[in-house]
Amino acid sequence: MRIREVGPRDGFQNEPEVLPTATKVDLIERLACAGLTRIELTSFVRPDVIPQLADAAAVLEAVRLPASVTASVLIPNERGLESALEHRSKFQEINGFLSASESHNQRNVGRSVAESLAGLGRTFARARAESLRVEAVISTAFGCPYEGRVEPRRVLQIAEQLAELGAQEIGFGDTTGMANPLQVAAFFEEAARALPGVELTAHFHNTRGQGLANVLAALQSGVSSFESSFGELGGCPVPRGATGNIASEDLVSMLHEMGIHTGIDLGRLLDAARAAQQALGRPLRSHLLSAGPVDWQRPPSG
Ligand code: ZN
């Protein structure tokens with residue numbers, strides 16, 4: 001089971017508050033202490049567009065991670081990669097992204113899907129030359145808030161092109177929480193056939209409360225790589241007020257309860273989520289933060 005914690009990027013980017021660099025570093029180090037071995041640290045985006053991540057370089061330079069952690073950085077474009085490469089020793093992976101639907105991609109990055117693919121090709125080649133591992137994430141892979149249904153065939157064609165361009169891992173994002181479990185199961189069965197040798201990763205949001213159900217469906221279709229965010233941090237501006245990624249602590253709790261080993265210390269992960277809650281000064285939304293872990297030793301107190 002492989003879990004990539006995306007809270008420090010996907011979470012902080014989409015929360016209204018801008019956390020101090022030292023707080024981000026402390027939270028990231030807590031996540032590593034909890035046993036998370038894949039962490040997306042930040043993104044080199046334009047600070048005027050996303051002020052929440054304006055300290056990307058400072059975070060990379062300050063954070064101290066054990067060698068067991070594979071750190072990744074989200075790269076919006078070639079310029080972002082050049083900025084990140086000034087801190088090359090601080091991360092091992094890059095994530096590039098695009099949307100499966102034209103209208104979402106246009107609104108998100110102001111490019112057509114074909115233009116995004118061309119840019120990602122150049123970015124991936126440069127990253128591979130720097131011995132970086134490459135993940136590509138396809139947003140709106142299960143539905144688009146502007147276009148509605150997105151054909152699985154189209155998503156897989158884009159994924160095949162990304163693999164040809166050098167992506168070793170492809171994440172399929174349901175960033176607006178439109179996917180349902182049956183759709184997810186059918187999709188990943190097809191994806192496994194279409195993309196042999198590529199690590200397939202599921203990135204679900206809990207917008208409509210179906211995040212963990214989708215995880216189970218993906219698991220049953222053979223997926224063993226997931227992305228999640230501690231405290232259920234993050235969200236998406238469309239639809240308005242949408243909740244965030246599935247919570248890492250909810251995901252880990254479900255896996256452990258099903259007897260699936262993750263190597264993650266749930267208590268320490270919850271401590272990290274509580275620390276994020278304190279830093280943001282408001283309650284976060286994960287179920288485990290409210291209910292706590294399952295305790296089979298004690299009868300329910302009602
Ligand atoms: Zn997300």
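Strand S1 (residues 2–5) and strand S2 (residues 38–43) pair in the parallel sense over two bridges, where pairing requires at least two DSSP bridges between the strands and strands are DSSP runs (E, at least two residues) numbered from the N terminus. Within this pair, Arg-4 stands opposite Arg-38 in S2. The model is predicted, with local features requiring pLDDT of at least 70 and side-chain atom pairs pLDDT 80 or more, while totals for chains, interfaces and linings use all residues. Residues are numbered from 1 along each chain as its sequence is written, and side-chain values use heavy atoms, without hydrogens and water.

S1 and S2 belong to a barrel that eight strands close in the order S1-S2-S3-S4-S5-S6-S7-S8, with parallel pairing. On average, neighbouring strands of this sheet are turned by 25° against each other, direction ignored.

Helices (H or I, at least four residues) pack on this sheet. Helix H8 (residues 181–194) touches strand S6 (169–174) and strand S7 (199–204), and its direction makes about 160° with that of S7. Helix H10 (residues 248–257) touches S1 and strand S8 (225–228), its direction making about 165° with that of S1.

Helix H2 (residues 21–33) packs with helix H11 (residues 266–280) at about 165°, their axes 8 Å apart; axes are lines fitted to C-alpha atoms, for helices over the stretch in contact, and angles run from 0 to 180 degrees between N-to-C directions. The two helices are therefore roughly antiparallel (over 145 degrees). Contact (heavy atoms within 4.5 Å) involves residues including Leu-27 and Arg-30 of H2 and Asp-271 and Ala-275 of H11.

Notes
Parallel < 35°, antiparallel > 145°, perpendicular 65-115°, else oblique.
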